[in-house]
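Let's take a friendly walk through a protein model, one feature at a time. Keep the picture open as you read.

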Amino acid sequence: MKTMLDAMIQHSVLILTLLVYIARGQVSYSIPEEMAKGSMVGNIAQDLGLDLQRLKSGKARIFSRDSTEYIELNRNTGLLLIKEKMDRESLCAKTTPCALHLQMILDNPMELYTITVEITDINDNAPNFQKRDFKFEISESAMIGARFMLGKAFDPDVGTNSLQSYSLKPTDKFQLELQSQADGSKNVEMILQKALDREMQSSFTLLLEAFDGGDPVLSGTVQIHIAVLDINDNAPVFMQKEYKATATEEAPKGSILTVVSATDTDEGSNSEVTYYISDTMDSVMADMFLVNEQTGELILNGHFDYEKVSHYELTIHAKDQGGLSNACKVIIDVLDVNDNSPSINILSSSHSVSEGSKFGTVIAMLNVDDLDSGASGQVQCVMSEEIPFVIKSQSSNFFSLQTEQELDRERETEYNISVICSDEGVPSLSSSVSLTVQISDVNDNPPVFEKSNYEAFVMENNTPGLSIFTVKASDADWNQNARVSYILEDSTVSGVSISSYVSVHPDSGLITAVRSFDYETLKDFNFRVKAQDGGSPPLSSNVTVKVTVQDQNDNAPQVLYPVQTGASVVAEIVPRAADVGYLVTKVVAVDVDSGQNAWLSYKLQKAPDRALFEVGLQNGEIRTVRQVTDKDAVKQKLTVVVEDNGQPSRSAVVSINVAVADSFPEVLSEFTDFTHEKQYNDSLTFYLVLALAAVSFLFITCVVVIISVKIYRWRQSRFLYQSNLPIIPYYPPHYADTGVTGTLPHGYNYEVCMTTDSRKSDCKFSTLGGQNVLVVDPSFAETMKHTIRKNSSIDDLQSTESQKPPNTDWRFPPNQRPGPSGAGARPEEAGAGAGVIAGTGPWPNPPTEAEQLQAMMAAANASEATATLGPRYNLQYGPDYRQNVYIPGSTATLTANPQQQVLQQALPPPQALTPTEVPKAAQTPASKKKPTKKDKK
């Protein structure tokens, strides 16, 4: 304690504030209490402005009214020092401010100075109670709010260092309250906050603590002992408000499940307790259990069934003799025997999943329930094999089947997933379910060719469209993604597009030749084929194809030497003195083919004397086999065949003239007739035979056509003409009223029929007033019917428009009759204008006998005239005079042939006549000529 006070004093000295007031020899100081002896209060000499020598000479001293001197003066230094430790509480108690009033006296001369020293308080005293403890006896029936007076604490310090507050611990039963008094003090009271229960706590101790406001805070404590007085007011109390028990399904009847216990703190009969089950429970549940009234044992009176009821809650009452009771709850959990397997329900599942699915794609959602409880109801699900799937538990009893790795349909098209769910019971039970997941295809594999590059061979001179070979690419994908199409990529071969060489079938990959290849111009070429699948987007790959053109023996050897020419004769001279093996000449030939097709061999095909010359099989050298003699002919013509080694082989023939002579004039005289020899060419013979065959075919064709035409003409003539006598009917002309003079020029219409032999001559007639002349010759017989039908359709229309009804006047003067029997007026005299239709006008008289005879004579001179000449009259306006024709000098009556009548009606109407045109005279056999194109028209 002393050490603490010294520390406080030293601390106060450091923060001391010296207030010096000097007025008429007065000075004041303020110091804290409890300063150590020798501590400086102040420099009085300096403060009063006195010299130290004055203090010594004046015998300065301190005067105090108190018996105890607390401050002394040091004359040598002029300092006021602490002589005795000062306690403010002892000097001044509660008086404030607390000060020492001193006087300093000087002699020679005498002077008096007043010194005031204020002593400030420090917190050196803790609050203190007068008693060591307080004791109270309180009945447990005391009412809440009852007050109990407590002793106050005392603190001699003043100001903030004095008593400031109280605290009471614990505060669950009582609360502290301060009551202010008139003198400023405060009484401390303790108030009951909660009812007391002796059975629960018969006594307890409280701690009352008082605090001041110093720094640091000091406190004082006192204990309060409270004894609770008992009354009989407690019901039995269970040791536990809730009892829990467990039992298995197989627990036998009479098993003790648990023991409940209740106590009563009262004494005597009030402390005796009995137990019973609450009457408010279900009778079925109450019958399951019994309770011992004295011991509180809970006994099983039936059998548990976990699947029906797994949890029981009972209420048991405890009652004392005073009639007070209490209750507790008993919870019985039936432990399940692990006899139920997990039940798996598939909430949702996907039958297919894309092979490009991301990790964690949910395939199926499962709900797994186990009717068991505890560990037997805890379920874990696993898969039976290593597959790229994983089972994760989303929440209790819910599991999801997810992808764990990248799926590849090309490696595995489907998965049969078996999920096994097991509980944690002993022994463990499990269930399983199977899922089939199809892996749907994604176009992630490009087509792959069977080879990295292809090489094919095709024989030259192939036919266009020839299948060369097939490229094959496979796609590991499925369905449309695996459908491979083949495309020929654009490229050029010798500046020509590759598509003009080959083509690729888009589905089968078959490569066919578009053109015929020639080994001599193109030995090989390369191109690229792209295989593209049907996915979206499509994937593709390329492959290089090399096509090698194989040589075919399609070129015959070509002889380079000797040069074959027809302009002059070249002969090789062999002297008669030539030895055996003499080199006459060498046949040089080449073959543009290659390989075996270019291997040439030479053979002597024709020679006057085979014993004289031979040809080297490989080199083509012609040498003598024997010695040349005088008997050998001077002219020797050798034929050498150059043959290649192809299949089939091709050959060339070369003729070599050899002269066996020693001088050139002799050779020249012998070979002068060589140039006159005929050169036969095999190709010329072929062309001659072909020309002969063509000429023969044309000749036979012409003969057949001519015969057919003749037969057709003969049949037509037999059809049209059946009589050998001519029939000359009379046709009246068309009638039209001009409205001016009443008369028009009359036209005549004759039908001439010849005998069968009369077809050998031509016949031409002209009609009076007619505009056209019809010339009949043998070539005109075929077109007659067609011309008649064509003109008939046109002229009938004209006739219908221009023709008028006949005049009723049938009697005409003789001068108006046409022909020789009447001096008819000329068309221009009759007043006919342009466009007058021939054969229209008044009805004429019947022809006279002279006129009929003249017509017969004209018909006798006509040849092959089998048509009706001149304009035709419409028969509907007049009588038909062709029924009976009388020939003068004959008793026969000729009747018109019905067929001729039909033909006559089919003839075209007359054409419009030009007034200024003069009719043409009929031709005689002597003046016949070929009709011109204009005449035919």
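## A charged cluster

The side chains of Glu 89 and Arg 88 meet in a salt bridge, 4.0 Å from N to O. A salt bridge here is a side-chain nitrogen of Lys or Arg within 4 Å of a carboxyl oxygen of Asp or Glu. Side chains of opposite charge can pair when their charged atoms come close. Glu 89 and Arg 88 are both buried; buried means under 20% relative accessible area, exposed over 50%, and partly exposed in between (1.4 Å probe, protein chains only). Together with Asp 121, Arg 88 and Glu 89 are linked in a network of salt bridges.

This is a predicted model, in which local features need pLDDT of at least 70 and side-chain atom pairs count only at pLDDT 80 or more, while totals for chains, interfaces and linings use all residues. Residues are numbered from 1 along each chain as its sequence is written, and side-chain values use heavy atoms, with hydrogens and water left out.

## Other salt bridges

By the salt-bridge rule, the count comes to 18. One of them joins Lys 37 and Glu 84, at 3.8 Å from N to O. This pair links distant parts of the chain, 47 residues apart: Lys 37 sits in the loop between strand 1 (26–32) and strand 2 (40–43), and Glu 84 in the loop between strand 5 (79–82) and helix 4 (88–92). Helices (H or I, at least four residues) and strands (E, at least two) are DSSP runs, numbered from the N terminus. Lys 37 is exposed, because its relative accessible area is 58%, whereas Glu 84 is partly exposed at 30%.

Which residue forms a salt bridge with Asp 632? The partner is Arg 626, and the closest N and O atoms are 2.8 Å apart. Asp 632 has 9% relative accessibility, so this residue counts as buried. Arg 626, with 23%, is partly exposed.

Now look for an open sheet of 3 strands, in the order 19-23-22 with antiparallel pairing. Its edge strands are strand 19 (256–259) and strand 22 (289–291), each pairing on one side only. From one strand to the next, the twist averages 20 degrees. For such angles, axes are lines fitted to C-alpha atoms (for helices over the stretch in contact), and angles run from 0 to 180 degrees between N-to-C directions.

Strand 22 and strand 23 (residues 297–300) pair over 3 bridges in the antiparallel sense; two strands pair if DSSP finds at least two bridges between them. Leu 290 stands opposite Ile 299 in strand 23.

## Neighbors across the sequence

Thr 470 lies in strand 36 (residues 467–470). This threonine is partly exposed because its relative accessibility is 41%. Leaving aside residues up to four places away in sequence, Thr 470 touches Ser 508, Gly 509 and Leu 510, where contact means heavy atoms within 4.5 Å. Thr 470 and Ile 511 are 41 residues apart in sequence, yet 5.8 Å apart in space, C-alpha to C-alpha.

## The whole chain

How many helices and strands does the protein chain have? There are 11 helices and 59 strands. Of its 937 residues, 39% count as buried. Among contacts between residues at least 6 apart in sequence, 69% join residues at least 24 apart.
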